[in-house]
Amino acid sequence: MAEAQGELAEEFVTIAAEYLKNGSVVAAASGYAFDELAPDRPEIAPLSILTDGKWSWPSDLSYYVRKYRIGLPKEFLQHAAARGWRVQNLTQAELEEISENM
């Protein structure tokens, strides 16, 4: 992840981080994610996997995007932009189907 620092264009940082933060939880664990790039490794987010129905990502990704401008796939940025940077609400049935296919 360190090699991807600074790769995301500044214009996308806030909007992409918010999009990622607003995903639906499809899987959760009882622990916390820690900042793997900081020397003191502070807690940053509960461990979970979020989704928008098509893409899935770890719950701490929005933190890394905001703090370190970690690069994201061009296809993901295009997908989120096409949705107006709004994550749709998924039904419980949709989340269960996604979870089963992970």
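In this predicted model, Phe-34 has Glu-43 of strand 2 as its bridge partner. That bridge belongs to the topic of how strand 1 and strand 2 pair: they run in the antiparallel sense and are joined over 7 bridges. Strands of a sheet pair through backbone hydrogen bonds, either parallel or antiparallel.

Strand 2, residues 43-51, is also joined to strand 3, by 3 bridges and again in an antiparallel arrangement. Ile-49 is bridged to Pro-58 of strand 3, and Thr-51 has Ser-56 of strand 3 as its partner. Strand 2 and strand 3 form a hairpin with 4 residues between them. In the turn of this hairpin, Gly-53 has a positive phi of about 105°.

Taken together, the strands make an open sheet of 3 strands in the order 1-2-3, with antiparallel pairing. Strand 1 (24-34) and strand 3 (56-58) are at the edges and have a single partner strand each, so one side of each lacks a neighbour in the sheet. On average, and with direction ignored, neighbouring strands here are turned by 15° against each other.

The sheet also has a helix across it. Helix 4, residues 92-100, lies across strand 1 and strand 2 and runs at about 60° to strand 1.

Next come the contacts between helices. Two packed helices are described by the angle between their axes and the distance between the axes. For helix 1 (residues 10-21) and helix 3 (residues 74-82), the axes come within 11 Å and cross at roughly 80°. An angle from 65 to 115 degrees counts as roughly perpendicular, and helix 1 is therefore roughly perpendicular to helix 3. Helix 1 makes the contact with Ala-16, Tyr-19 and Leu-20, while helix 3 uses Phe-76, Leu-77, His-79 and Ala-80. By class, this contact has 6 nonpolar residues, 1 polar residue and no charged residues.

In soluble globular proteins, nonpolar side chains tend to be buried together. The largest nonpolar core in this model has 16 residues, of which Val-65 and Leu-72 touch the most other members. Helix 1, helix 2 (61-68) and helix 3 each supply at least two residues of this core, and helix 1 gives the most, with 5 residues.

What is Val-65 in contact with, leaving aside its neighbours within four places in sequence? The residues are Leu-8, Val-13, Ala-16, Ala-17, Leu-20, Ile-70 and Leu-72. A second, separate core has 5 residues, among them Ala-4, Tyr-64, Tyr-68 and Ile-70.

Notes:
Residues numbered from 1 in each chain as written. Predicted model: local features only at pLDDT ≥ 70, side-chain atom pairs only at ≥ 80, totals over all residues. Heavy atoms only, no water. Pairing = 2+ DSSP bridges. Axes fitted to C-alpha atoms, helices over the stretch in contact; angles between N-to-C directions. Contact = heavy atoms within 4.5 Å. Parallel < 35°, antiparallel > 145°, perpendicular 65-115°, else oblique. Nonpolar A, V, L, I, M, F, W, Y, C, P; charged D, E, K, R; others polar. Core = buried A, V, L, I, M, F, W, Y, C linked by side-chain atoms within 4.5 Å. Buried < 20%, exposed > 50% of the residue type's maximum accessible area, 1.4 Å probe, protein only.
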